[in-house]
Amino acid sequence: MKILITSDTHGSYNSISDFILENANIDLILHAGDNTSDAKSISYETGVDFITVKGNNDSFDFINKEHELIDLKNFRILLTHGHKENVYRTYNNLISLAKKTKSSIVIFGHTHTYYNSYQDGILLLNPGSPTLPRDGNPGFLIMDIDDKIKIKRINL
């Protein structure tokens, strides 16, 4: 299964839709918040299903939750924006929530900065932002899930 992971699109998602249309093998979109409506628009344009959570800039989103648990293959993914877990200061709250929910992967956003690291046995992934990166590196992630996880960063 091939999953496109993005966050913090803030109304600019054309690069993601274009990528999916040029690479028709994407099975699912995970959007970690801040313009949840972008995930719906990308899905409409590409026909790819999506799961999204609301971020700190999604105050008018009364449909999506702040956390989603997604079971794929042998992995449980915790999808969150990260603002409630104070990700600017620490990842300990993400790790604690992952353990509580028995998640082996945490996908989050909020910082607009790419992050890919194992901490305490949990894979923490932040795709950064495709349009407003704070690390000067716009992009998103492609995650292949089979018996193991493969992550590829798509730089724009």
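Okay, ground rules. What you see is a predicted model, where local features need pLDDT of at least 70, side-chain atom pairs count only at pLDDT 80 or more, and totals for chains, interfaces and linings use all residues. Residues are numbered from 1 along each chain as its sequence is written, and side-chain values use heavy atoms, with hydrogens and water left out.

Let's begin with the whole chain. You have three helices and 10 strands here; helices (H or I, at least four residues) and strands (E, at least two) are DSSP runs, numbered from the N terminus. Going along the sequence, the order reads β-α-β-α-β-β-β-α-β-β-β-β-β.

Of the 156 residues, 49% are buried. Buried means under 20% relative accessible area, exposed over 50%, and partly exposed in between, with a 1.4 Å probe and protein chains only. The chain exposes about 7600 Å², with carbon and sulfur atoms supplying 46% of that; the areas come from the Shrake-Rupley method with a 1.4 Å probe, and for residues only the protein chains shown count as cover.

On contacts (heavy atoms within 4.5 Å): among those with a separation of 6 or more, 51% are between residues 24 or more positions apart.

Next, the aromatics. Searching the whole structure turns up three aromatic pairs. Rings of Phe, Tyr and Trp (its six-membered ring) pair if their centres lie within 6.5 Å; planes under 30 degrees apart count as stacked, over 60 as edge-to-face, and the rest as tilted.

Take Phe19 and Phe140: the ring centres are 5.2 Å apart and the planes sit at 75°, so this pair is edge-to-face. Phe19 is in helix α1 (residues 14-22) and Phe140 in strand β9 (residues 139-145), so the pair ties together parts that are 121 residues apart in sequence. Buried or exposed, these two, Phe19 and Phe140? Both are buried.

Then there's Tyr91 with Tyr115. Here the centres are 4.7 Å apart and the planes are at 45°, so we call the pair tilted. It also links distant parts of the chain, 24 residues apart: Tyr91 is in the loop between β5 (75-80) and α3 (92-100), while Tyr115 is in strand β7 (residues 114-119). Tyr91 counts as buried because its relative accessible area is 19%. And Tyr91, Phe108 and Tyr115 together form one aromatic cluster.

Phe108 and Phe140 come up again when we move to strand β8. Pro127 is in that strand, and at 0% relative accessibility Pro127 is buried. Beyond the neighbours within four places in sequence, Pro127 has contacts including Phe108, Tyr114, Phe140 and Arg153. Pro127 and Leu4 are 123 residues apart along the chain, yet their C-alpha atoms are separated by 9.5 Å.

Leu123 is also found in strand β8 (residues 122-127). It's buried too, at 2% relative accessibility. Skipping neighbours within four places, Leu123 is in contact with residues that include Ile105, Val106, Tyr118 and Ile149. Leu123 and Ile149 are 26 residues apart in sequence, with a C-alpha to C-alpha distance of 9.7 Å.

Over to the loops. Lys54 is in the one between β3 (50-52) and β4 (67-72). Among the residues Lys54 touches, not counting those up to four places away, are Asp61, Glu66, His81 and His83.

Last stop: the loop between β2 (28-31) and α2 (36-46), where Asp34 is found. Asp34 is buried, with a relative accessible area of 1%. Asn35 lies in that loop between β2 and α2 as well, and its phi is near 85°, again positive in a residue other than glycine. Asn35, though, counts as partly exposed, at 21% relative accessibility.

That's my tour, happy to go back to any residue.
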